[in-house]
Amino acid sequence: MWKQNRPHIELESTPVERLLITLSISIYVLWIGWLVWTWPTLPAELPAHFGLEGEVNRWGSKWELVMLPGISGILGAFMLWLRNKPEWHNYPVNITEENAPFYYRLSRNLLVWITFVIVAGFAWISWDVVQIATGKSTLLSGWFMPLFLTGTFAPVVYFFYKMFRYQSATKS
């Protein structure tokens with residue numbers, strides 16, 4: 001698919017894209033501010049790993065908490081940059097001048113949604129880690145994994161549904 005000459009089309013951001021980007025950046029900035037604010041009060045050791053039931057099964061240095069915003073910041077920035085290059089994305093269909101706007105928009109929406117889920121999910125983990133470390137909770141929230149997995153995979157399923165539905169409609 002990389003060797004295919006795909007059209008380059010400038011697309012305006014949709015209201016949903018703008019909302020998800022604004023939420024992702026806002027959550028990230030608030031999260032960093034909150035971490036800086038709470039850092040001096042954190043104990044030296046924080047929960048570093050959780051079992052299937054949400055129980056802490058490894059404690060580590062509070063510096064390990066810095067990895068979460070680091071990873072989500074790098075991934076989020078990369079995905080937001082990549083969303084502006086939809087002709088580089090991988091598609092299981094042939095992209096033409098006629099169908100490019102539809103597929104590009106769909107792929108851009110998928111990237112901003114997953115960016116939002118990663119940033120919000122990692123911020124939630126940080127919050128729970130600090131709550132556990134400060135004795136305000138004993139478990140990672142039971143809602144975390146179902147919501148995180150749904151937030152990650154539902155847009156992918158939706159993407160493929162819309163893509164194949166569009167492909168079927170344009171063939172007939």
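Q: Why is Glu17 called buried?
A: In this predicted model, Glu17 has a relative accessibility of 0%. Buried means under 20%. The value falls under the cut-off, so Glu17 counts as buried.

Q: What makes the contact between Glu17 and Arg83 a salt bridge?
A: The side chains of Glu17 and Arg83 meet at 3.0 Å, N to O. The cut-off is 4 Å, between a side-chain nitrogen of Lys or Arg and a carboxyl oxygen of Asp or Glu. The pair is within that distance, so the name salt bridge applies.

Q: How do you know that this pair links distant parts of the chain?
A: Glu17 is in helix H1. Arg83 is in the loop between H2 and H3. They are 66 residues apart.

Q: Why is Arg83 called buried?
A: Arg83 has a relative accessible area of 7%. Buried means under 20%, so Arg83 qualifies.

Q: What makes Glu17 and Arg105 a salt bridge?
A: Their closest N and O atoms are 3.2 Å apart. The limit is 4 Å, so the pair counts. This pair also joins distant parts of the chain: Glu17 lies in helix H1 and Arg105 in helix H3, 88 residues apart.

Q: Why is Arg105 called partly exposed?
A: Its relative accessible area is 22%. Buried needs under 20% and exposed needs over 50%. The value of Arg105 lies in between, so Arg105 is partly exposed.

Q: What makes Glu17 and Arg108 a salt bridge?
A: The N to O distance between these side chains is 3.0 Å. That is within 4 Å, so the pair is a salt bridge. Arg108 sits in helix H3, 91 residues from Glu17 in helix H1. Both Glu17 and Arg108 are buried.

Q: What makes Glu17, Arg83, Arg105 and Arg108 one network?
A: Salt bridges that share partners join these residues. Glu17 pairs with Arg83, with Arg105 and with Arg108. The whole structure holds four salt bridges.

Q: Why is Ser72 called buried?
A: Ser72 has a relative accessible area of 1%. The cut-off is under 20%, so Ser72 is buried. Ser72 belongs to helix H2.

Q: Which residues are in contact with Ser72?
A: Leaving aside neighbours within four places in sequence, Ser72 is in contact with Tyr28, Trp31, Ile118, Val119 and Phe122. A polar atom of the Ser72 side chain also lies 3.5 Å from the backbone oxygen of Pro69.

Q: How do you know that H2 spans what is expected of a helix?
A: H2 has 16 residues. From its first C-alpha to its last, H2 reaches 22 Å, close to the 22 Å expected at 1.5 Å a residue. Its buried residues include Leu68, Pro69 and Gly76. The buried residues of H2 pack against H1 and H3.

Q: Which residues touch the most other members of the largest nonpolar core?
A: They are Trp31 and Leu65, in a core of 25 residues. Helices H1, H2, H3 and H4 and strand S1 each supply at least two residues of this core. H3 gives the most, with 10 residues. Not counting residues up to four places away, Trp31 touches Leu68, Pro69, Ser72, Val119, Phe122, Ala123 and Ser126. A second, separate core has 16 residues, among them Leu82, Tyr91, Val93 and Leu111.

Q: What makes S1 and S2 paired strands?
A: Five bridges join S1 to S2. Pairing needs at least two bridges, so the strands pair. They run antiparallel. Glu45 stands opposite Ser61 in S2. The hairpin has five residues between the strands, and Gly54 takes a positive phi near 90°.

Q: How does the span of H4 compare with what is expected, and what does H4 pack against?
A: H4 has 28 residues and reaches 41 Å, close to the 40 Å expected. The buried residues of H4, including Phe144, Phe148 and Met163, pack against H3.

Q: Why is Thr41 called exposed?
A: Thr41 has a relative accessible area of 61%. Exposed means over 50%, so Thr41 is exposed. Thr41 is in the loop between H1 and S1. Its side chain reaches the backbone oxygen of Thr38 at 2.7 Å.

Conventions: Residues are numbered from 1 along each chain as its sequence is written. This is a predicted model: local features need pLDDT of at least 70, side-chain atom pairs count only at pLDDT 80 or more; totals for chains, interfaces and linings use all residues. Side-chain values use heavy atoms; hydrogens and water are left out. A nonpolar core is a set of buried Ala, Val, Leu, Ile, Met, Phe, Trp, Tyr and Cys residues joined through side-chain atoms within 4.5 Å. Buried means under 20% relative accessible area, exposed over 50%, partly exposed in between (1.4 Å probe, protein chains only). Helices (H or I, at least four residues) and strands (E, at least two) are DSSP runs, numbered from the N terminus. Contact means heavy atoms within 4.5 Å. The expected span of a helix is 1.5 Å times one less than its number of residues. A polar contact is a pair of N or O atoms within 3.5 Å; within protein, one must be able to donate a hydrogen and the other to accept it, and residues adjacent in sequence count only if both atoms are side-chain atoms.
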